Amino acid sequence: MLKLENVSMTVNNSNGSRREIIRDINIDFEPGKLYAITGPNGGGKTTLAKVIMGIYQHSTGNIYLNGEDISQLGVTERARCGIAYAFQQPPRFKGLNVSDLIKIASPGIDGLGLRKKLRDVGLCPEDYLDRDMGPGLSGGEAKRIEIAQVLSRDSIISIFDEPEAGVDLWTVQRLIGLIVQKYQDNPESTAIIITHHENVLPICDEIIVLEEGLIKLRGSTEEIWPLIKNDVQCKMREQCRGEVCYEL
Ligand SMILES: Nc1ncnc2c1ncn2[C@@H]1O[C@H](COP(=O)(O)OP(=O)(O)O)[C@@H](O)[C@H]1O
Ligand SMILES: [Mg+2]
């Protein structure tokens, strides 16, 4: 469905040297599967997502969607082809309200549908439908609205960049349930979840570990999860110091 062939992305450093952020990535994402991309901070996960979405232009290699080379297409064209991306840090759109944003994603949606989309991500529709998408929203609120927007779209490839970041544990479980329900075993679509979460990784079909821009490990979850489990669990404990503290 979505095929990355020898994809690399290089940036210019301030001293004039060049740095490869993702290196020679080859992945064939199949329909009906849930992929997890994980790995240390700075490993290139967000960059890879932005390269797939066309926000960053890759330097070498090719990207194919259902056999068609989309390497030269921009963000809007890739969105039209059915690729959607929920940012790690969602951008704010001052002057646009929540209901407008969901309607852009799903033009035919009615009032009941709109309300359900917000309730699904744990937000009360009465409080949020008319809220401005500007900087007045907290990180967690913007994140949930963005996930609702991507879930409303009729995409064939949906990328969720750390959906757990800034969202409470109860909502994470709920969001993951929605993602699984929509994408797992759906022959029309694929979901890629960038995550470190110990509750999310084991329920994906495949895990890809990206480190220093390279694929360090990849395979079925049965195969990869036991190898990374201890690292992920330790990391979570280190971050929360035994307490689970989430920004709401
Ligand atoms: N536009 C950019 N220009 C220069 N360096 C970048 C750019 N985007 C990301 N990087 C660098 O590339 C590396 C990978 O970043 P990122 O993809 O955000 O990692 P991850 O999502 O895995 O934490 C980091 O060292 C980051 O500072
Ligand atoms: Mg990232």
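Two strands are taken to pair if DSSP finds at least two bridges between them. Helices (H or I, at least four residues) and strands (E, at least two) are DSSP runs, numbered from the N terminus. The structure is a predicted model, in which local features need pLDDT of at least 70 and side-chain atom pairs count only at pLDDT 80 or more, whereas totals for chains, interfaces and linings use all residues. Residues are numbered from 1 along each chain as its sequence is written, and chains are lettered from A and ligands numbered from 1 in the order in which they are written.

Strand β1 (residues 2-12) runs antiparallel to strand β2 (residues 18-29), to which it is joined by eight bridges. Within this pair, Met9 has Ile22 of β2 as its bridge partner. The two strands, β1 and β2, form a hairpin with five residues between them, and Gly16 in the turn has a positive phi of about 90 degrees. Strand β1 is also joined by five bridges to strand β4 (residues 60-65), again in an antiparallel arrangement; here Lys3 has Tyr64 of β4 as its bridge partner.

Six strands form an open sheet with mixed pairing, in the order β6-β9-β10-β3-β11-β12. Its edge strands, each pairing on one side only, are β6 (83-86) and β12 (214-220). On average, neighbouring strands of this sheet are turned by 15 degrees against each other, direction ignored; axes are lines fitted to C-alpha atoms, for helices over the stretch in contact, and angles run from 0 to 180 degrees between N-to-C directions. Five bridges link strand β9 (residues 157-161) to strand β10 (residues 190-194) in the parallel sense, with Ser158 opposite Ala191 of β10.

Two helices pack on this sheet, contact being defined by C-beta atoms, placed from the backbone, that lie within 7 Å. Helix α6 (residues 139-152) touches β6 and β9, and its direction makes about 165 degrees with that of β6. Helix α7 (residues 169-183) touches β3 (34-38), β9 and β10, with its direction at about 155 degrees to that of β10.

Helix α6 also meets helix α3 (residues 98-105): their axes come within 8 Å and cross at roughly 25 degrees. The two helices are therefore roughly parallel to each other, a term applied to angles under 35 degrees. The contact is made by Val98, Leu101, Ile102 and Ala105 of α3 together with Ile145, Ala148, Gln149 and Ser152 of α6.

Terms used: Parallel < 35°, antiparallel > 145°, perpendicular 65-115°, else oblique.
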